[in-house]
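Colleague: I am new to this one. Can we go through the labels and see what stands behind each?

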2 protein chains.
Amino acid sequence: VPPPRRAQPADQRSVRSHNLALALSEVAGAVSPVSRADIATATGMTRATASSLVEALLAARMVTELAPRIGPQGGRPATGLTLSGDGPAALGLEVNVDYIAACVLDLTGTVKHREVAELAERDRTPAASAEALGRLAGRATAAAGRADLRVAGAALAVPGLVDADGILRLAPNLDWRDVDIRGLVVRQPALADLPLAVDNEANLAALAELSVAPQDGSFLHVSGEIGIGAGIIVDGALYRGRHGWSGELGHVSVDPSGPECSCGSRGCLEQYAGQDAILRAARRQPARGTSAGGDGALARLVQEAREGDAQVLEALARASVALGVAVSTALNLLDLDHVVLGGIYAPLYPWMAPEVERQIRRRVLSSQWKPPTVRRSALGADAAVVGAARSVLQRVLADPGAYLP
Amino acid sequence: VPPPRRAQPADQRSVRSHNLALALSEVAGAVSPVSRADIATATGMTRATASSLVEALLAARMVTELAPRIGPQGGRPATGLTLSGDGPAALGLEVNVDYIAACVLDLTGTVKHREVAELAERDRTPAASAEALGRLAGRATAAAGRADLRVAGAALAVPGLVDADGILRLAPNLDWRDVDIRGLVVRQPALADLPLAVDNEANLAALAELSVAPQDGSFLHVSGEIGIGAGIIVDGALYRGRHGWSGELGHVSVDPSGPECSCGSRGCLEQYAGQDAILRAARRQPARGTSAGGDGALARLVQEAREGDAQVLEALARASVALGVAVSTALNLLDLDHVVLGGIYAPLYPWMAPEVERQIRRRVLSSQWKPPTVRRSALGADAAVVGAARSVLQRVLADPGAYLP
């Protein structure tokens, strides 16, 4: 029996904040609408306290009350509270090598707005990317307003190592080092006064995948783009490592004397299975501006694979072997039940997954007894930006008192 | 401020068990001897309750009382309680590819007895190993008795994947599969009536290393033997993965088309940096029965390296590159601050560590900003068996009521 989730914080305001979070988490965690009485019972509050908290959450449009309904067996009318779809909202942002993205999620996790924009080569400086992101954020905030949503906070996904102050220490594929990306982005007018968190895109993508498949509690989520990252979920929680820099699958060595990598090393997975590497192997232009799907090089690659183009199939086969070797190494070290192929590997799944599975069965020690399974990401290329917005929702749910209008 | 560690368990007996553990943890966690009054203050118990618990712990010889002393500045006499060095003890056991080991630790963590025995080829069956281990356990228990210690429990370290029932699912270097090693060992007369846990040797070795260097809270402990395993410590806790099968560093791919491995795959680290692989590369007999040190092949290898034997130095250089590549991969995935070289890599440290560090600086993405450091294990080849005994001590400290005489 888990202990009742009560606490005695120090002062009146923190008691109220804590209790608001408790009440909201009862609504968020329930599989069906809950009543004020349910909240009182579950938390040990008085009915009067629970009612007062619910009124505050209703006023903040964090929860909404369903009209009373008669159940199928008759009996007393079922009334109930659920999370609101038109109150506070979360703004997810992403800077990647050749595109930027923004999305708005309501408190229930529904995507209410989404925009992806390719970045021209000349806009791939930190300042220009931040300005372009500011424009996307402006349109996202306006769209949220039209949908009766109020953006309560934002998070930014970046393809590199971030420190605790939101400094992007290293993004090899952008060739950025020690960039105060948080500072550049909060300076944009559309983001003024919004709390902004910055995290690694692969971490956020894994969190997004967890939110859509919470039953798969231990998995490696592989985000294939021009770079390759991975997010590690163990027992339903993100494994961040010591500094949040875990999961750099793209720099796992596939062949120690292989081709040079943008990170300065040799034979990294990215040089075999990143988008540019696949395009090069298929003798296609490593055309940028395409990772986000649409009509670009990735879509053409998928089409040509479907048509059985020999060069493309051979390039995908070679990439799959390398991905399978690196993923097997990760599984030998991390001991996870599943691998989720995301980013460009989601549309390329039919041509890549079988070989990845073959390598796992051959190379992962525990697969002789309990082989990890491979599946396709539910979110694909959207995972990081959706995960960014999800991380904001988690913060709102953890401390709704800080997000009251 | 951490919450006071009080609880209200359901019945009288569990209240007492819980409070015994609280009182004992106050003694174990203190940097200097504590008084009954200190325990009462820290736990919120009455003085009378604290005193009664201390009497029980004294009677069980889990704690001991120091004679009153006058402090250097005079003042009131300092009296105090510490963990006892002659009460309950822990039996650590290890089965490895070519040796078995046993040790006894008292409650303070001091090693009171240690024995390592080489295993002849013919004794490398599960039943014969268990019998040999039973004989070691008998001598260890007798030695404990002579030192006024009472063995309270045992744990066994094994070089393979263990499931929750203590079944050794796979130990490639022993060629054992689905062996009920726990069942075989508890059947030995010396182990009758002793609780026995079974865990992976690399996990236990990492826990042992953590206990001697708790300030290094995030590290990869690499156990080099004939096989190679790793234990992952993050923020002061063991990362076990989904099933306890994490850290299979020996089966990280160094070259996907490299030599065949005992696991069925190709190019695994063990084939470059395991003890037999090093001996083969140095054109020495891959003589077994030597991992535990002494006058065997490992000691000769160290001596020849010291004398500058070219074949040996070249073999160690080749092994170091492979180890550095695999360790770098682990660091890219796990994000840890330190690497601890243990097992055979402890005596071979001077010849291997510089190249491992070089590979890390070249291959670990975050090392461009904050390079992980490499150090030598404090325990070397003893880490796994000491870690096994340590895990028993942890259980005794967590629930002393279950270990009263």
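Modeller: Start with a cut-off: a residue counts as buried under 20% relative accessible area, as exposed over 50%, and as partly exposed in between. Keep in mind that this is a predicted model.

Colleague: Why is Asp337(B) called buried?

Modeller: Its relative accessible area is 16%. The limit for buried is under 20%. So Asp337(B) counts as buried. Its place is in the loop between α10 and β14 (338-343) of chain B.

Colleague: What does Asp337(B) touch, leaving out residues up to four places away in sequence?

Modeller: From chain A, Arg242(A) and His243(A). From chain B, Ser218(B), Lys370(B), Pro372(B) and Thr373(B).

Colleague: What makes the link between Asp337(B) and Arg242(A) a polar contact?

Modeller: Their side chains are joined at 2.8 Å. The cut-off for a pair of N or O atoms is within 3.5 Å, so the pair qualifies. The side chain of Asp337(B) also makes a polar contact with that of His243(A), at 2.8 Å.

Colleague: Why is the pair Arg242(B) and Asp337(A) called a salt bridge?

Modeller: The closest N and O atoms are 2.8 Å apart. The rule asks for a side-chain nitrogen of Lys or Arg within 4 Å of a carboxyl oxygen of Asp or Glu. Across the interface of chain B and chain A, the rule finds two salt bridges.

Colleague: Which elements give two or more residues to the side of chain B that touches chain A?

Modeller: They are β8 (168-171), β9 (176-179), β12 (228-234), α10 (310-334) and α11 (349-363) of chain B. α10(B) gives the most, with six residues. By type, the residues on that side of chain B divide into 19 nonpolar, 14 polar and 14 charged.

Colleague: How is the size of an interface often given?

Modeller: As the accessible area lost when the parts come together. Chain B and chain A bury about 4300 Å² between them, 58% of it on carbon and sulfur atoms. Leu333(B), Leu365(B) and Trp369(B) supply 18% of the area that chain B buries against chain A, more than any other three residues. In contacts, 47 residues of chain B meet 47 residues of chain A.

Colleague: Now the rings. How many aromatic pairs does the structure hold over all chains?

Modeller: Three. In one of them, Tyr239(A) and Tyr239(B) have ring centres 5.0 Å apart and planes at 70°. Centres must lie within 6.5 Å, and planes over 60 degrees apart count as edge-to-face. So this pair is edge-to-face. The pair crosses between chains, from strand β13 (residues 237-239) of chain A to strand β13 (residues 237-239) of chain B. Both Tyr239(A) and Tyr239(B) are buried.

Colleague: Why is Asp175(A) called exposed?

Modeller: Its relative accessible area is 64%. The cut-off is over 50%, so Asp175(A) is exposed. Asp175(A) is found in the loop between β8 (168-171) and β9 (176-179) of chain A. Its phi is near 60°, a positive value in a residue other than glycine.

Colleague: And what makes Arg61(B) partly exposed?

Modeller: Its relative accessibility is 33%. That falls between the 20% and 50% limits, so Arg61(B) counts as partly exposed. Arg61(B) lies in the loop between α3 (47-59) and β1 (63-71) of chain B. Its phi is positive too, near 55°.

Technical notes: Residues are numbered from 1 along each chain as its sequence is written. Chains are lettered from A and ligands numbered from 1 in the order in which they are written. This is a predicted model: local features need pLDDT of at least 70, side-chain atom pairs count only at pLDDT 80 or more; totals for chains, interfaces and linings use all residues. Side-chain values use heavy atoms; hydrogens and water are left out. Contact means heavy atoms within 4.5 Å. Buried area is the accessible area (1.4 Å probe) that two parts lose on being put together, summed over both. Helices (H or I, at least four residues) and strands (E, at least two) are DSSP runs, numbered from the N terminus. Ala, Val, Leu, Ile, Met, Phe, Trp, Tyr, Cys and Pro count as nonpolar, Asp, Glu, Lys and Arg as charged, and the others, Gly among them, as polar. Rings of Phe, Tyr and Trp (its six-membered ring) pair if their centres lie within 6.5 Å; planes under 30 degrees apart count as stacked, over 60 as edge-to-face and the rest as tilted. Buried means under 20% relative accessible area, exposed over 50%, partly exposed in between (1.4 Å probe, protein chains only). A polar contact is a pair of N or O atoms within 3.5 Å; within protein, one must be able to donate a hydrogen and the other to accept it, and residues adjacent in sequence count only if both atoms are side-chain atoms.
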